[in-house]
Amino acid sequence: MASVPERAASTPVPESRLRRHPALRVLPKLASIPQAIFGIIVIGAIVLAAVFAPWIVPTDPEEMDFDNLLSGFSSQHLLGSDQMGRDTLARLIVGARIALMVSLGAVGLGALIGVPLGLIAVYFRGFVDDLIMRVMDAVVVFPSLLIAVGLAAALGGSLKTVIIAIGIANVPWMARIVRSQGLSIRELDYVAAAEAGGLSSQRIIFRHILPNTLAPVIVQATLSMGYAVLTEAALSFIGVGIQPPTPTWGNMLQQAFPMLDQQPLLSIVPGFAIFLLVLAFNFIGDALRDVLDPRLRGVIH
Amino acid sequence: MPQYVLRRLLQALPVLLIATFLVFALMLAIPGDPVRALIGPGEALDEEQIQILREENHLDEPVLVQYALWLGKALKGDLGRSTQNQRPVAAELRTRALTTFQFGLAAWILAVLIGVPAGIVSAVYRGKPVDYIATVVSIGGVAIPNFWLGIMAILLFGVTLGWLPTQGYVNIFEDPVQGLRHMILPAFALGITSCALIMRQSRSAMLEVLAQDYMRTARAKGLRERTVVWVHALRNALLPVITVLGLQTGRIFAGAIVIETLFGIPGTGQFMVQAIFARDFKVVQGAVLLMALAVLTANLLTDIVYAWLDPRIKYDG
Amino acid sequence: MTRPGKRCLRPSLSVLEVALFSWLLVLAACGPESTDSHRAGGSDSAAFEAIGTGEPRRGGHLRVGYALEPTSLDAVLGRSGGDAYYWHQIYDQLVDADPDLFPRPSTSLAQSWEISTEPDAITFYLREGVTFHDGTKFNADAVKFNVERILEPKTMATPRAAMTVIESVDVLDEFTVRFNLSRPWGAGLNMLADRGGVMNSPAAVRALGKDYGWNPSGTGPFKIDKVITGTLVHLVRNENYWGTDESGNPLPYVDEVTIRVIRDQTVLSSALRTGEIDIAYLPYKDVSAFQRDDRFQIETMPGGAIALLMAFNLAAPPLDDINLRLAVAHAVDPEILNKAIFFDQVIVADAGMWPIGAWVYDNSLPRPYYDPDKAREYLVAGGRPDGFEFTAVTYNSPIFVPAAEVVRAMLKKVGITMKIDVLSNAAATERFFFGGDYPMYLTGWSRYPEPDWLASLAYKSDGYYNAGNLERPEIDRLVEKGASLYDIEARKEVYNEINRTVLSEAWFTPLLYAVNYAAAPRKVRNLDRLMGWDGKMDLREIWLDP
């Protein structure tokens with residue numbers, strides 16, 4: 001999603017303010033925002049379900065109950081069963097793991113590559129900066145979904161390739177944030193003074209710029225996680241995502257669609273799960289932005 | 001201003017080259033013999049034919065040479081022929097792009113028609129129930145998978161109520177009624193995210209404007225509330241809408257990939273997905289070129305319009 | 001069994017077109033069984049016959065729904081079996097065939113022919129007074145042009161491989177033409193009933209070059225009017241068509257035909273219900289609902305394709321061991337697959353890759369059936385009593401992916417772990433058959449009109465669709481023998497011999513044979529003449545009640 005990420009970091013955070021907001025003080029502040037509480041509860045529940053999946057899953061998600069095909073709510077299958085008689089609840093819970101792994105993995109990968117690229121651009125400036133940013137522009141031209149479709153088609157659909165695909169689509173946003181943040185910090189009076197006073201570029205990067213990019217990167221990352229979940233679902237839906245028999249919310253929707261008039265429940269449940277998780281990520285991301293960087297408040301709200 | 005436009009155009013050129021080359025290399029990197037992909041899965045050619053096909057498509061040359069050959073022809077407007085249906089890619093893309101454009105435009109109009117008034121209303125009636133409803137919709141609209149919304153719309157309006165067609169495309173210029181009927185559901189699914197964003201942005205822009213001094217002055221002068229809102233605030237509230245319009249171009253293409261597949265619309269997105277599956281290189285390349293051009297143009301136009309609307313922006317970006 | 005004047009076209013030379021959009025059955029056959037099935041079709045057909053005795057009415061606009069768009073309207077260049085839904089309407093073949101796959105001169109462009117063996121040649125005596133849609137004359141020169149066009153490798157004609165046995169073509173007079181052959185060609189007449197025998201206007205091909213593919217000019221009952229890419233193909237009546245029905249009325253009956261591309265099966269059914277289209281092949285999930293609906297008539301055709309099969313690569317471990325292949329083949333229960341994936345609407349396979357409806361079909365041959373105990377015995381024999389692991393490939397389709405998951409669950413019960421790689425159709429086909437990357441491919445397969453086609457491509461050691469390419473000289477000799485014999489009974493002997501090896505060594509294990517269900521509202525008449533030999537639509541004898 002183009003618009004949300006790039007807005008998150010339009011203003012640099014002066015170093016001093018971040019210091020007054022150590023990580024420990026973020027949580028209580030978050031707890032005062034109702035949306036954030038909602039988000040934390042939803043994600044907490046999904047994380048717990050994912051972690052304890054082996055113990056709480058009602059049946060093996062691959063177990064096929066050929067006597068109960070396409071069933072609705074029932075005592076054997078709380079959330080119904082699919083075309084092959086597999087339990088929707090069990091598949092939903094196992095799918096939660098995948099959703100979390102994809103969002104964490106993809107955003108982590110994006111940051112791991114994007115942040116250093118941004119820093120390199122700030123450090124060298126000039127030609128290197130131009131080159132890096134033009135390549136980033138070239139990647140940004142494509143909607144991240146399209147990049148992911150291309151890569152997933154090239155590499156074959158698996159957890160690894162989906163993470164790589166969505167991760168790569170995340171790189172330019174991270175690099176852009178770090179770069180724009182870094183460049184404006186370099187312009188700040190006291191940083192410029194320190195530079196003029198002989199402080200090495202490396203020290204400037206690591207002492208002043210990197211710590212100050214942290215807040216926007218975290219905000220961006222949280223929002224991107226929601227988008228990663230959406231992208232994974234879309235990839236699976238058009239058939240290039242993580243492949244069966246591994247259940248993901250996206251491929252559950254894909255397999256449910258042809259059965260839409262036979263059993264609509266199959267299409268409703270996983271979509272709603274995706275919606276909840278993305279909503280939770282967005283709430284937390286918005287709240288984090290408000291807490292970490294009040295000046296951005298209102299840009300989106 | 002002309003200088004600014006020129007510089008932006010020059011910046012776009014390398015972006016275009018890099019983007020098309022990246023895709024070119026990516027398509028060739030897909031495992032398997034590319035010449036087999038040219039044949040497709042349904043039929044058999046013998047070795048002699050396969051060798052001719054390999055030579056005709058320069059598949060033995062290095063990637064860079066192949067790219068240069070493609071680029072040379074592309075500059076002349078020749079994008080080659082699709083291996084899926086043996087038609088010229090350029091002509092095929094033109095038809096499909098028009099289809100996608102129609103849906104994109106419909107989605108955007110829908111988003112603006114709902115998003116802007118809803119945003120303004122919720123700003124004016126801040127804290128009232130209307131505001132809460134609008135806020136919920138705008139938050140939900142960003143988080144909802146648009147293809148799932150499409151599925152739910154198909155379920156409700158197509159399967160259950162039978163009010164609207166759920167598949168295919170009818171040219172709106174040939175049959176306006178059927179064209180519109182076919183357009184409603186996909187445009188809605190495609191536009192919901194933009195609608196939510198426009199709603200959010202026009203609301204906050206409006207709030208900001210309403211708090212400005214000149215607004216208070218205008219009100220103090222006794223102008224009616226409605227006049228104040230519409231005349232003074234609207235222009236300022238337009239800015240975020242323009243921004244979203246620019247971003248929408250990219251989103252149309254992205255959304256079109258899934259939405260066109262879902263609704264069976266023969267546009268660029270569906271064509272590109274088919275082409276990626278079939279490894280129809282020339283179509284993928286052509287579509288990427290088209291998309292990059294469209295996105296870059298839209299970005300440029302957005303910036304120009306933005307600069308024109310908002311004199312605070314200088315042309316030195 | 002064959003009704004006079006009944007048109008039944010031959011299957012196209014497509015391989016995995018089931019593979020393309022297989023949830024819609026794209027092929028079927030109309031062999032003897034299918035003709036019986038028309039009669040056995042129950043109350044639907046009977047009621048239809050009762051009201052359908054009037055004189056055919058001319059005129060009207062017939063709207064058809066189909067899942068695939070054409071890859072080309074030039075039959076010779078098309079690369080998907082689904083193309084036949086389009087080119088059947090536009091072209092005639094040099095030799096047409098009846099439902100039993102015997103040549104039928106009355107509907108062919110050649111009125112008669114002579115086969116000679118010293119030297120090997122076939123001489124064709126052509127129908128006179130036939131013109132192409134562009135107004136030019138059909139004659140011996142046109143035949144020569146069309147055959148030479150296919151044989152020229154640069155044309156990239158898909159039937160070329162099957163036709164290289166033709167060494168040269170001699171025009172003897174304006175309506176007599178001789179094919180000089182390099183060896184006896186028993187498979188020849190059947191091959192000419194397909195893409196390879198389609199006649200294009202030489203003038204149009206020369207004038208249009210690469211654009212001919214979308215502006216075709218054949219001799220068939222309908223002419224191309226308009227193509228909206230990805231959406232529809234619109235055809236109009238060829239007023240000069242030479243064909244007639246049994247009473248001598250000129251064909252076709254309807255004025256115009258629109259074939260709409262509808263990819264989604266739910267939408268296809270609902271378009272039929274709402275009257276947006278007049279004819280479609282039903283998705284399996286909707287068959288029983290339509291059977292209960294009085295407004296519709298349904299024609300069935302069993303054995304139209306192979307709905308599901310396991311193809312093995314004989315050279316890829318661990319399934320290069322025949323015992324392990326047989327263990328897999330015996331561990332899969334087609335009944336369950338039929339129930340879970342096909343809504344119990346298809347048929348459990350009881351023979352080889354030539355399903356019900358072909359003269360070569362024979363269900364007396366030994367082949368693996370579901371038997372988990374036997375599967376375990378084969379595991380022991382293969383030295384893997386505790387099971388083993390392998391990766392099968394299939395492709396992204398609403399049929400094959402779930403089917404693969406069910407197969408996986410069944411194999412798990414005997415201790416075999418099957419991983420599934422899902423690729424796109426093109427990639428899966430390519431990497432299984434040419435890359436040799438997988439020991440097994442779960443897929444569907446078109447019906448073969450002419451057994452040599454499958455035999456040469458999939459059984460011969462150098463065949464295009466022989467995944468392992470193992471040297472089996474005795475099979476190669478049989479394949480060559482089968483292609484050269486002119487006597488059907490003798491050919492059947494040869495193909496049974498080949499099938500014994502293919503089935504008992506599990507080269508291919510068909511699990512389910514497809515059934516075509518063509519449905520239409522009652523105003524559509526002559527629906528029993530719809531499905532050609534290949535199960536694809538032929539619209540020339542369909543007419544509409546007002």
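How many helices and how many strands does chain B have?

## Overall make-up of chain B

In this predicted model, chain B contains 12 helices and zero strands. Read from the N terminus, its elements run α-α-α-α-α-α-α-α-α-α-α-α.

Chain B has 317 residues, and buried residues account for 48% of them. Counting contacts in chain B between residues at least 6 apart in sequence, 73% join residues at least 24 apart.

## Packing of H7(B) and H8(B)

Helix H7 of chain B covers residues 146–160, and helix H8 of chain B covers residues 176–210. The two pack at an angle of about 145°, and their axes are 9 Å apart. The crossing of H7(B) and H8(B) is right-handed.

On the H7(B) side, the residues in contact are B:Asn146, B:Phe147, B:Leu149, B:Gly150, B:Ala153, B:Ile154 and B:Phe157. They meet B:Leu185, B:Pro186, B:Phe188, B:Ala189, B:Leu190, B:Ile192 and B:Thr193 of H8(B). Sorted by class, this contact of H7(B) with H8(B) holds 11 nonpolar, three polar and no charged residues.

## Contact between chains B and A

Chain B puts 38 residues into its contact with chain A, and chain A puts in 36 residues. Several helices of chain B each supply at least two residues of the side that touches chain A, among them H7 and H8. Others on that list include helix H1 (2–29), helix H6 (129–143) and helix H12 (281–309) of chain B.

H10(B) gives the most to this side of chain B, with nine residues. By class, the side of chain B that touches chain A has 33 nonpolar, three polar and two charged residues.

How values were computed:
Residues numbered from 1 in each chain as written. Chains lettered and ligands numbered in written order. Predicted model: local features only at pLDDT ≥ 70, side-chain atom pairs only at ≥ 80, totals over all residues. Axes fitted to C-alpha atoms, helices over the stretch in contact; angles between N-to-C directions. Helix = DSSP H or I, 4+ residues; strand = E, 2+ residues; numbered from the N terminus. Left-handed = near helix turned anticlockwise from the far one by under 90°. Contact = placed C-beta atoms within 7 Å. Nonpolar A, V, L, I, M, F, W, Y, C, P; charged D, E, K, R; others polar. Buried ≥ 20, exposed ≤ 12 C-beta atoms within 10 Å, placed from the backbone.
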